Amino acid sequence: MSGSAALSAGIAYLYTTYPGSSSTFKDQSIALEASQLLLQVPAVHDDSDYEAFFHVMAPNTAPGRPGNLTADQTEKLKEMWGATLEVFGVVEPEKEGASNGTSTPSEADSKKKDGKKKRFSLLKKKGDKGSDSNAAAGSENDKHGQTKEFQEALASQSPEELRQAFWSMAKHDHPDALLLRFLRARKWDVQAALIMMVSTMHWRSKEMHVDDDIMVNGEERAFKDAKSASGPEKKEGEDFMAQLRMGKSFLHGQDKDGRPCCYVRVRLHRQGEQSEKSLERFTVYTIESARMLLRPPVDTATIVFDMTDFSMANMDYTPVKFMIKCFEANYPESLGSVLVYKAPWLFNQIWKIIKGWLDPVVAQKVHFCTNVDELSEWIPKSRIIKELGGDEAYTYTYVEPSEGENAQMQDQNAKTKWLDERKELVKSYEGETVSWVQGQDQGEGRTRLAQRLAENYWKLDPYVRARSLYDRTGVIGQDGKLDFYPKAAGGGSAGGDAAADDGVD
């Protein structure tokens, strides 16, 4: 059954409660619009196209990802989508004690007036002893205080604000893959995963301003602030640019599993040289830039901490704690391996402290490599840069922003065009998801729409993300095409013939 046919067949059922949930589709007009919008999506891709788009290496797709879910995991994903769409206001909780999946106008009005209370009820669904019984769902995983952040998000942000934050966060990812990250991180506990995801959206939109500041302003804003601003803005701009220019951390190449690699040259960090704010901004900017390099089935990155010439002057626990929180709380399931290279003996006691802060799952991903042969167990020697003892003739060089490189961001007509298309695709995807959660179709239409959303993002990207070093050096090309070893990258050949011939895709 085609995606459009499946949605059309499911329209008659959009007003009944889907299995295992107390939610009903909010508005008949939304369902009809979703069906109409899906029919407007150009049929430019055949089945093999959209399957290849997200499952081009299906045999290598890890468990718990789109295309490789057990029946139980699929049900958990459906439950997660149901709860998520409640938070977004796309579906509404059924009034307690109601006997069916429909609401009278008076009931609907009551729900709107008491919207925040109903959204807080998500914390109480599994318990029968009041708000405290489940407010700490997954509390053993709540060392970063995400239950409190979840409650603050529901109290301070409207459903539409949270919905917009989610779709801003999704970018080119398959929406299912995003939810599945949180589900895997919380061992398939839907309520704990929801708390984690909503608190992440709150962190992104209200604390770090990832998409409305860090990524949209990017390197060019820091470059300009460092040259012409004054006061705190000038200092932050100088600190951000200093970290880029020295290559304190940078993205380059792939490991044996095709994961993008982030190199952190620990010796270049000295406590107090950059402000805490600029360190956090640079950390988030690097992680978000790495996200731009992920394509299914690869959904994690490898970090190499180069400890060459490390001394106690380089040790700074504050940014370490921030980085841990980022990966454990806000970018779950994003780490493939963490390789600590050439750590001196004095790092042993420091590691004992840091390991105590880490989630055991994350700690298991940390590996110590004392020489290049051990490092080559994860990264082919032909792709280990000479700085670390490998064969690849790559030297990090920062390429400065150029005048006018973000000129497209001023084209409001083009930006509006792609934003409007995205809004339609999102509405269609949400409508298809409700139908899928109800069990009325197999979700073929959702897969096509996920592909369209990814393609749309790369059309929109030049208008919402400032160009980065990786755009300027050709690692990220037009429409998101990747070249991990471009011939003309900043420091000369960024891969070399040896890298091209080592058999790693």
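**View 1. Strands β3 and β4 pair antiparallel.** Four bridges join strand β3 to strand β4 (residues 260-265). Strands are DSSP runs of E with at least two residues, and helices are runs of H or I with at least four, numbered from the N terminus. Two strands pair if DSSP finds at least two bridges between them. Across this pairing, Phe-250 stands opposite Tyr-263 in β4. The model is predicted: local features need pLDDT of at least 70, side-chain atom pairs count only at pLDDT 80 or more, and totals for chains, interfaces and linings use all residues. Residues are numbered from 1 along each chain as its sequence is written, and side-chain values use heavy atoms, without hydrogens or water.

**View 2. Five residues separate the strands of the β3-β4 hairpin.** Among them, Gly-258 takes a positive phi near 80°. Strand β3 (residues 249-254) is mostly covered, with six of its six residues buried (under 20% relative accessible area, 1.4 Å probe, protein chains only).

**View 3. Strand β4 also pairs with β5.** Five bridges link β4 to strand β5 (residues 301-306), and the two run parallel. Here Cys-261 stands opposite Thr-302 in β5.

**View 4. Five strands form an open sheet.** The order is β3-β4-β5-β6-β7, with mixed pairing. Strands β3 and β7 (366-369) are the edges, each pairing on one side only.

**View 5. Helix α14 (residues 276-291) lies across β3 and β4.** The helix runs at about 15° to β3. Axes are lines fitted to C-alpha atoms, for helices over the stretch in contact, and angles run from 0 to 180 degrees between N-to-C directions. Contact means heavy atoms within 4.5 Å.

How values were computed
Buried means under 20% relative accessible area, exposed over 50%, partly exposed in between (1.4 Å probe, protein chains only).
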